[in-house]
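Colleague: I am new to reading structures. Could you walk me through one, feature by feature?

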Amino acid sequence: MKKVLWLASWYPNETDPFSGDFIKRQAEAVSIYQPLNVLWVGKYAPKYFSEKTERLFVESGTPNLKEYILFYPASGNAKSIFSKIKSFLNYFNKNRDFIKQLREKDELPDIVHVQVAMKAGLIALYMKWKYKIPYILTEHWSGYFSNAKDSLFKKPFLTRFLTRMILKNATLVLPVSASLGKQISQFWAHVPFKKIPNVVDTRFFYPPEVKTTHTFRFIHISSLLYPKNPEGIINAFIHMLYLRFDVELVLVGPLNSSVNKLLTAEVLSTERIRTTGEISYEEVGKEMRNADALIMFSYYENMPCVILEALCTGIPVIASDVGGIREVVNPENGILVEAGKEVRLFEAMKEMISNYELYEKDLISQHAKEQFSYQTIGKTIQQVYDDVLKNNQR
């Protein structure tokens, strides 16, 4: 059996349990078919741990999945050049020590799989140059698009240079949307790519047996921060209330001052808008099954996992036509609208209610599960490993 090491730039950990949770789910999907080691290295601040020492956590997920979560201490002013250099050296050394242990135990991987180029891709570059181990790269980051708030176009030269180097040295890039793959190839590195979307845990996202209410329920699930534009969703929903539509809106995610300001306005003294705060993945599935349609009104996106989850649940989607969303949302399962146009969102919400019976929920769910289930994505990635290693031996 081949040995595979994942180097993750984002991954759930003790300081941020939701960071890159979609990467963890993809790892679980691959581990159905292939033993897998995942390595994530990050720094911690004293507020998380009382002692200022390095920490090592080794967690056993599914039987085929081992997760290595390594911490190193933060040092000095995070904005100073000296502290940034010291932090990177700590990061690199922690990774290098782990790789050295693998070598001593004769457990160096046959292939490395990077999840998000910066900065785990730098470790993959090191392993390729030192040990001749090929790597592939799955990219999730919307920052490759110029309109992203944290766009790579706005980053310092060194960040852009290193990102290009990581991309160019990958045997294959696996963007989660074709739109992202084309953006990378056109503006950042002319590299071969194969679209492999994010995965959905269909144990939690499946059609409900019976709808329990006649009120039409829209749901929005996100960080509720820019660029998700929850304010635009709320404004469009208020107009639905003015016209006395029998509707509800559920907002899932951590509340912030901007959203709170809208929700506490006198005009919204109603039970038609409900907030849940931050909830577990399983609880998100329950909320989704109790909803009629998902709204994603982002200014920019790559490929939101929540859209795939909604489709697996069998509910149609209203979403901004940005990033790779049009690759999965079509007239059979939803409505695309122009980003930021609240009037168009309002019209789409009315259209969704009027034509709701035309959506075939079971077919929406079936088609989505065929594309995004653990079995489909896990097997596809395993086949990529086989193809890369076969071609590498020629």
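Colleague: Is Glu-287 buried or exposed, and why?

Modeller: This is a predicted model. Buried means under 20% relative accessible area. Glu-287 has 15% relative accessibility, so it counts as buried.

Colleague: Which residue does Glu-287 meet in a salt bridge?

Modeller: Look for a nitrogen of Lys or Arg within 4 Å of a carboxyl oxygen of Asp or Glu. Here the partner of Glu-287 is Arg-274, at 2.9 Å, N to O. Glu-287 sits in helix 8 and Arg-274 in strand 10, so the pair ties together parts 13 residues apart in sequence. Arg-274 is partly exposed, with a relative accessible area of 34%. Salt bridges can also share partners: Asp-21, Arg-25 and Glu-309 are joined that way into one network.

Colleague: Which other residues of helix 8 are buried?

Modeller: Helix 8 covers residues 281–289. Besides Glu-287, its buried residues are Tyr-281, Val-284, Gly-285, Met-288 and Arg-289.

Colleague: What covers them?

Modeller: The cover includes helix 1, strand 8, strand 9, strand 10 and helix 9.

Colleague: How many salt bridges are there by this rule?

Modeller: The count comes to 12. One of them joins Glu-67 and Lys-24, with the closest N and O atoms 2.4 Å apart. Glu-67 lies in strand 4 and Lys-24 in helix 1, so this pair ties together parts 43 residues apart in sequence. Glu-67 is buried, at 2% relative accessible area. Lys-24 is partly exposed, at 22%.

Colleague: What about Arg-203 and Asp-201?

Modeller: Their side chains meet in a salt bridge too, at 2.6 Å, N to O. Arg-203 counts as exposed, at 57% relative accessibility. Asp-201 is buried, with a relative accessible area of 4%.

Colleague: Now the nonpolar side chains. Where do they tend to be in soluble globular proteins?

Modeller: They tend to be buried together. In this model, the largest nonpolar core has 60 residues. Among those that touch the most other members are Phe-218, Ile-219 and Leu-294. Take Ile-219. Leaving aside residues up to four places away in sequence, its contacts include Val-250, Val-252, Glu-287, Met-288 and Leu-294.

Colleague: Which residues form a nonpolar patch on the surface?

Modeller: Ile-81, Ile-85, Phe-88 and Leu-89 do, with about 380 Å² of accessible area together. Ile-81 is in helix 2. Ile-81 is exposed, with a relative accessible area of 61%.

Conventions. Residues numbered from 1 in each chain as written. Predicted model: local features only at pLDDT ≥ 70, side-chain atom pairs only at ≥ 80, totals over all residues. Heavy atoms only, no water. Buried < 20%, exposed > 50% of the residue type's maximum accessible area, 1.4 Å probe, protein only. Helix = DSSP H or I, 4+ residues; strand = E, 2+ residues; numbered from the N terminus. Contact = heavy atoms within 4.5 Å. Patch = residues over 30% accessible without salt bridge, like charges linked within 9 Å, V, L, I, M, F, W, Y side chains within 5 Å. Areas by Shrake-Rupley, 256 points an atom, 1.4 Å probe, with all protein chains shown as cover. Core = buried A, V, L, I, M, F, W, Y, C linked by side-chain atoms within 4.5 Å.
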